[in-house]
Amino acid sequence: MPTPLQPAAPAHYDRVTIAFHWLTALLVVGLFALAEIWDFLPRGTPTRRLLQHLHISFGLLFAAVFVLRIVWRLTAGRRLPPAATGWLRVASTGVHGLLYLLMAAQIVLGFLFRWAQGEPFAFFSLFDVPTLIAIDHEQRRFIGGLHDTVAWCIIILALLHALAGLFHHYVLRDGVLRRMLSSR
């Protein structure tokens with residue numbers, strides 16, 4: 001039992017929530033990196049096509065993780081009290097909501113963009129994803145541009161999110177960052 005001089009151990013999110021958080025972060029950064037790297041390669045080269053196929057497969061994995069994360073959060077995930085009050089709480093809630101909205105939009109845009117390209121896409125060559133909506137090929141550039149813009153918005157917000165976590169940890173020393181780390 002903590003004494004008045006020792007703060008109580010910070011509450012942690014459950015292991016599944018923590019795993020979903022860090023897997024999402026890894027996938028977002030990895031997907032962004034793949035897309036940025038292939039831009040430096042000439043069109044049609046085997047390496048560029050490989051990176052694009054990996055991007056598509058990991059994008060499908062990201063979509064699945066995102067849906068499972070939402071379901072977990074709504075049904076079984078541990079809910080912790082807000083870590084901040086006032087404007088910090090408003091900012092935190094707003095950034096989290098915007099990140100979720102942008103990630104959902106990015107998934108939809110990824111599917112639409114691929115369907116607009118008129119090419120099949122597969123999950124690690126295990127199975128093809130069927131075209132569910134016919135998208136006019138002329139919309140490809142517009143959808144692709146949106147997909148790129150949303151990716152940059154996600155990366156910028158994720159960076160701000162990470163910096164806020166470090167601010168909480170090193171400046172405010174309030175245990176917020178430890179809530180998303182393993183309780184071990």
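## A tour of the phenylalanine cluster

Select Phe-123 to start: its relative accessibility is 18%, so Phe-123 counts as buried. The cut-off for buried is under 20%. Keep in mind that this is a predicted model.

Show both rings. Phe-123 and Phe-124 form an edge-to-face aromatic pair, 4.8 Å centre to centre, with 75° between the planes.

Next, select Phe-58. At 29% relative accessibility, Phe-58 counts as partly exposed. Which aromatic pairs does a search of the whole structure find, and how many? The search finds eight aromatic pairs. One of them joins Phe-58 and Phe-124, edge-to-face, at 5.0 Å centre to centre and 85° between the planes. Colour by element of secondary structure here. Phe-58 sits in helix α2 (residues 46-75), while Phe-124 sits in the loop between β1 (121-123) and β2 (127-129), so the pair ties together parts 66 residues apart in sequence.

Phe-58, Phe-123, Phe-124 and Phe-127 form one aromatic cluster.

Zoom out to the chain. The C-alpha atoms fill a box of roughly 65 × 30 × 30 Å along the principal axes. Of the 184 residues, 30% are buried.

The accessible surface is about 12200 Å², and 70% of it belongs to carbon and sulfur atoms. Last, colour by charge. There are 16 positive and 9 negative side chains, and the centres of the two sets lie 14 Å apart.

Terms used
Residues numbered from 1 in each chain as written. Predicted model: local features only at pLDDT ≥ 70, side-chain atom pairs only at ≥ 80, totals over all residues. Heavy atoms only, no water. Phe/Tyr/Trp six-rings, centres within 6.5 Å; stacked < 30°, edge-to-face > 60°. Helix = DSSP H or I, 4+ residues; strand = E, 2+ residues; numbered from the N terminus. Buried < 20%, exposed > 50% of the residue type's maximum accessible area, 1.4 Å probe, protein only. Areas by Shrake-Rupley, 256 points an atom, 1.4 Å probe, with all protein chains shown as cover. Lys, Arg positive; Asp, Glu negative; His and termini not counted. Charge placed at Lys NZ, Arg CZ, Asp CG, Glu CD.
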